[in-house]
Each structure stands twice: as C-alpha cells, then as structure tokens.
Amino acid sequence: MDIFRVRGNGPLKGTIAISGAKNAALPIFAATLLTEEPCIIDNVPNLSDVRSMLDILGRLGASVTQESPHRWRIEAKKIGHTAPYELVRKMRASVCLLGPLVARCRRAEVSIPGGCVIGPRPIDLHIKGLRKLGCAVEIENGYVNVDASKLSGGPIFLGGRHGSTVTGTANILMAAVLAPGETRLEGAACEPEIVDLCIMLKKMGAQIEGVGSPELIIQGVAKLSGCEHSVVPDRIEAGTFLAAAAITRGDVTITGIPPRLLGAFLDKCEEAGLPFELTENSIRVLPYEGNLNPIDIITLPYPGFPTDLQAQMSALMVVTPGLSILTERIYPNRFMHVPELQRMGADMAIEGSSAIIKGGARLSGAPVMASDLRASAALVIAALAAEGTTWIQRIYHLDRGYEDFEARLRALGADIERLSDKDLPKEYWESAEA
Ligand code: EPZ
C-alpha cells in the first residue's frame with residue numbers, strides 16, 4: 001500500500017486550480033441513468049470514488065466512454081435495476097443510485113451501504129421519501145428492495161435529526177422528476193452539489209422550482225433527454241488547500257472556485273484573522289506575521305460550516321494559540337484525526353461531540369494513520385507545518401477524494417512524496433503496532 005512521507009518545508013507558494021466536486025459528480029453520474037440518451041459530463045475529478053461509480057454504471061448496462069481525462073460519455077440505453085453488494089460496499093455514495101433506478105425501471109435492488117469511521121450512515125430518510133412517492137420498500141438480506149409500480153408525486157418532509165440529507169435529497173429528487181404529478185420536497189439539502197444536480201436535471205427536461213432552497217417543487221415528466229454538463233468546482237478541496245496554505249503562512253492563489261461556495265468557511269477564516277483576497281473565481285491566501293485567532297465552530301448543513309472541512313480546520317487551530325472549540329452537529333463522532341494529531345503534539349481533547357483545542361502546539365513529525373478521507377487531509381496539513389518527517393499510512397482514503405494531491409502540493413513547494421509502505425522505517429510498520 002502507498003504511504004506519504006511529508007517534511008515541513010516552509011510556506012507554500014504559487015497557484016492551484018480546483019477540480020470538479022466529488023460530491024456533485026457522484027449523484028450526477030447516477031442521474032445519467034434517468035435517460036436512454038447519451039449524457040456528456042465534463043470537469044470530472046479523477047478519483048477512486050468516481051471510478052467506482054463508473055464501474056457500477058457499466059455493470060448496470062450503461063456504456064461508459066472516457067472522451068478526455070476529465071470528460072465522460074454515458075449512454076444508459078438498457079439497464080438492470082440491481083446494484084450489488086460487492087460494488088456498493090466499495091463506495092457508500094452509490095446509495096444515490098436508488099432514485100434513478102426507481103424512476104427509470106420502476107423497481108430497484110440496492111445493497112445497503114455499510115457505516116464508516118465517521119459514524120453510522122443511516123438511510124431511513126431515503127426510504128421515508130420513497131414511500132411518500134408511493135413506493136413499496138422492503139429491507140431484505142442487506143438490500144433495499146423497491147417496487148415503484150405505483151410511483152407518484154406527493155408532499156414530503158425530508159429533514160432528519162441532524163437536519164437535511166444530501167444524498168437523500170438527491171435520491172428523492174431523481175425519483176420525483178419522473179414521478180407523475182407534483183412533489184413538494186421540504187427540508188431539502190441546499191448544498192451546491194444538490195444545486196448542480198438540479199441544474200443538470202433541468203437541462204435534461206426536468207421541471208424543478210426552488211433550486212438552492214430547502215423547498216423543491218417538482219412536476220414529474222414522462223421522459224428526460226440527454227445533456228452536456230460540467231461539474232461544479234469542489235468547495236471542500238478548495239477549503240483543504242486553503243487550510244494548507246494558511247498553516248504554512250504561505251502565499252497561494254486557489255483558482256477556479258467562486259468564493260461564495262465557501263461562505264461559512266471563509267467567514268471563519270476571516271474571524272481567525274487570515275488575510276486573503278477574493279476575485280469572482282479565485283481566493284488568494286496571503287502570508288501573515290504573528291498568529292491567527294482561535295475560533296469556535298459548529299458544523300451544520302449548508303450554508304453552515306461544512307462537516308467535511310472540520311478536520312482540516314482543526315489542524316490549523318492546533319497551531320493557533322488560544323482555545324478553539326469545534327462541535328459536530330452532523331457526525332458527532334467525526335474525530336478520527338484527533339488521536340493522530342495528538343501523536344504529532346497537538347494538545348486537544350474530545351468532549352462529547354466537540355473537539356477542544358488548546359492551540360499553539362509546535363508539531364513534530366511522527367508515523368500516523370489515515371482513517372477517512374477528510375481526516376487524512378488534516379494529517380497532511382498538520383505535517384506541512386511539523387518539524388521533521390511525518391509518515392502517513394493508508395492514504396488510499398485520501399485518493400478517494402483528492403486528485404493528484406501530493407503532486408499539486410509539491411508544485412506549491414511542499415516536501416511530500418508518495419512511497420510504498422516498504423519504504424516505511426521498520427519501527428513504524430503496522431505490524432509493529434500489534
Ligand atoms: C454527503 O453524505 C457527503 N457525501 C458527505 O461527504 C458529507 O459529509 C455529508 O453529505 C454531509 O454534508 C456525498 O455527497 C457523496 P447526509 P450523505 O445524508 O449524503 C443523517 C466526504 O467526505 N442521516 O447529508 O451520506 C446522517 O447520519 C463525505 O466527501 C439520517 O439520519 O450525508 C448525518 O448525521 C463524507 N438519515 C446527517 O443526516 C438518513 O436517511 C447528514 O447526512 C440520511 C442521513
């Protein structure tokens with residue numbers, strides 16, 4: 001397995017272009033199943049999760065052609081309605097195939113995705129929404145079996161105990177666009193990735209009002225046509241690189257991202273005193289003297305502070321003197337990065353669903369273990385500011401959501417190498433952990 005070797009190497013400098021958003025590309029590819037006509041999807045990030053989704057589309061019967069590194073042609077002339085466990089378990093977001101299969105085939109059998117280290121990943125709201133659309137839904141042998149022969153629009157409230165559901169909204173939206181009648185979807189997620197999906201569906205002929213609001217009004221249509229769509233830039237990737245620039249006191253321009261997609265995150269960076277300049281489609285992080293200010297954050301559905309940037313901001317606050325508190329309202333246990341940051345010298349503790357950080361630590365390199373996508377990014381960010389060498393194992397987690405991560409950071413001056421775990425100093429081998 002691959003590992004990263006990272007050495008603190010001073011301020012990052014230069015320009016970095018942002019890729020298309022993973023969390024938009026995945027439901028958008030699922031939506032190509034809604035029509036038998038070809039769809040061209042552009043600005044697609046080259047990620048293992050995206051390759052998994054394309055693999056599943058192919059296994060369902062769609063023809064999948066790569067036209068250029070970030071451009072794909074999908075034609076789902078005839079498709080099956082079963083997404084098997086051996087594929088779904090690889091990538092839990094494949095649960096967002098439920099909606100298109102229900103809409104197109106009027107039936108679906110999708111394996112229930114497992115949980116993951118950030119916490120249980122229930123789909124009760126997805127099932128509630130499908131039942132409100134007249135579907136008969138049974139859970140059997142680890143599969144969600146849906147009979148949608150009576151699919152029809154209706155009023156749905158989709159909010160849950162942690163607020164809205166992103167892939168739940170995507171699923172119900174994709175089922176409703178071909179459901180006869182009107183669907184009023186209240187408590188819908190407003191994430192930019194859902195807005196991007198709505199834009200693509202409207203290009204295909206879907207009738208959707210209220211895009212970007214928590215109330216979507218959908219008039220079902222009989223058929224949808226193919227389309228050409230470019231995926232929205234990845235605000236989480238942009239926030240990740242922004243935190244990496246900030247922790248190294250660098251001068252980095254992040255291009256291809258409208259700052260408005262990072263509202264709450266930039267608001268907290270401003271509160272921390274991080275200097276940056278904005279244009280319509282870029283963010284330039286500027287060097288600073290002295291220290292940033294500690295902050296407190298609560299993660300919330302969009303437009304609140306994104307849970308997917310909590311770990312990365314924690315890494316930045318670990319070196320910022322003062323008391324910072326980061327509270328998770330979306331995934332209360334999303335703190336797998338904490339014990340690894342502690343190994344590097346972070347003074348932080350978990351209290352319930354909050355990370356309490358006594359900032360100002362001088363981080364030192366150490367062998368650490370990646371555990372999930374965003375926690376892995378937080379470890380790289382911390383390693384960029386640490387003295388000495390940090391060895392990060394299990395970086396396949398990171399490859400799920402960041403394209404060419406190490407090469408793009410190296411282009412900014414980071415000392416980061418992708419090596420084999422054979423290059424790990426013997427004393428750090430995982431077996432030594434046993
Ligand atoms: C999406 O996951 C993202 N993944 C996640 O990004 C992101 O963290 C999450 O939204 C929250 O923003 C993709 O879009 C592929 P949810 P999703 O349904 O849709 C609870 C990353 O790092 N809930 O919005 O699975 C749930 O437990 C990934 O890129 C229910 O209770 O998340 C959570 O507490 C990680 N019942 C909250 O809602 C349900 O039926 C939000 O979950 C569904 C969700």
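Predicted model: local features only at pLDDT ≥ 70, side-chain atom pairs only at ≥ 80, totals over all residues.
By class, the residues that form the shell around the ligand divide into 10 that are nonpolar, seven that are polar and seven that are charged.

**The ligand and its surroundings**

There are 24 residues around the ligand, and those that come nearest to it are Leu125, Thr165, Thr167, Asp308 and Ile330.

Of the elements, H5 gives the most to the shell, with three residues.

The buried residues are Lys22, Ala24, Ala25, Leu26, Pro27, Ile28, Phe29, Ala30 and Ala31.

**Two domains**

The domain assignment of the protein chain gives domain 1, made up of residues 2-19 together with 233-433, and domain 2, which runs over residues 22-230. The centres of domain 1 and domain 2, taken over C-alpha atoms, are separated by 30 Å, and 23 residues of domain 1 are in contact with 19 residues of domain 2.

Histidine 397 belongs to helix H13, which covers residues 396-399. With a relative accessible area of 14%, histidine 397 counts as buried, because the limit for that class is under 20%. When neighbours within four places in sequence are left aside, histidine 397 is in contact with Ala370, Ser371, Asp372, Leu373 and Ser376. For one of these residues, serine 371, the backbone oxygen lies 3.3 Å from a polar atom of the histidine 397 side chain.

Alanine 245 is found in helix H8, residues 235-247, and is buried, with a relative accessible area of 0%. Not counting residues up to four places away in sequence, alanine 245 touches Leu12, Gly250, Val252 and Val285. Although alanine 245 and proline 11 are 234 residues apart in sequence, their C-alpha atoms are 7.2 Å apart in space.

Aspartate 415 lies in strand E24, which spans residues 415-420, and is partly exposed, with a relative accessible area of 22%. Apart from neighbours within four places in sequence, aspartate 415 is in contact with Arg5, Val6, Arg7 and Asn9. Between the C-alpha atoms of aspartate 415 and isoleucine 40, which are 375 residues apart along the chain, there is a separation of 37 Å.

**Details of the backbone**

Most residues other than glycine have a negative phi, and most peptide bonds are trans. Against this background, which residues does a cis peptide bond join? The bond is between tyrosine 302 and proline 303, with omega at about 10°. Proline 303 is placed in the loop between strand E18 (296-299) and helix H10 (310-318).

A positive phi occurs at arginine 249, where the value is near 55° in a residue other than glycine. Arginine 249 lies in the loop between H8 and strand E15 (251-255), and is partly exposed, with a relative accessible area of 33%. Aspartate 404, which is not a glycine, has a positive phi of about 50°. The place of aspartate 404 is the loop between H13 and helix H14 (405-410), where this residue is partly exposed, with a relative accessible area of 49%.

Terms used
Residues numbered from 1 in each chain as written. Heavy atoms only, no water. Near = heavy atom within 4 Å. Helix = DSSP H or I, 4+ residues; strand = E, 2+ residues; numbered from the N terminus. Nonpolar A, V, L, I, M, F, W, Y, C, P; charged D, E, K, R; others polar. Buried < 20%, exposed > 50% of the residue type's maximum accessible area, 1.4 Å probe, protein only. Domains from an automatic or database assignment. Contact = heavy atoms within 4.5 Å. Polar contact = N/O pair within 3.5 Å; in protein donor to acceptor, adjacent residues only side chain to side chain.
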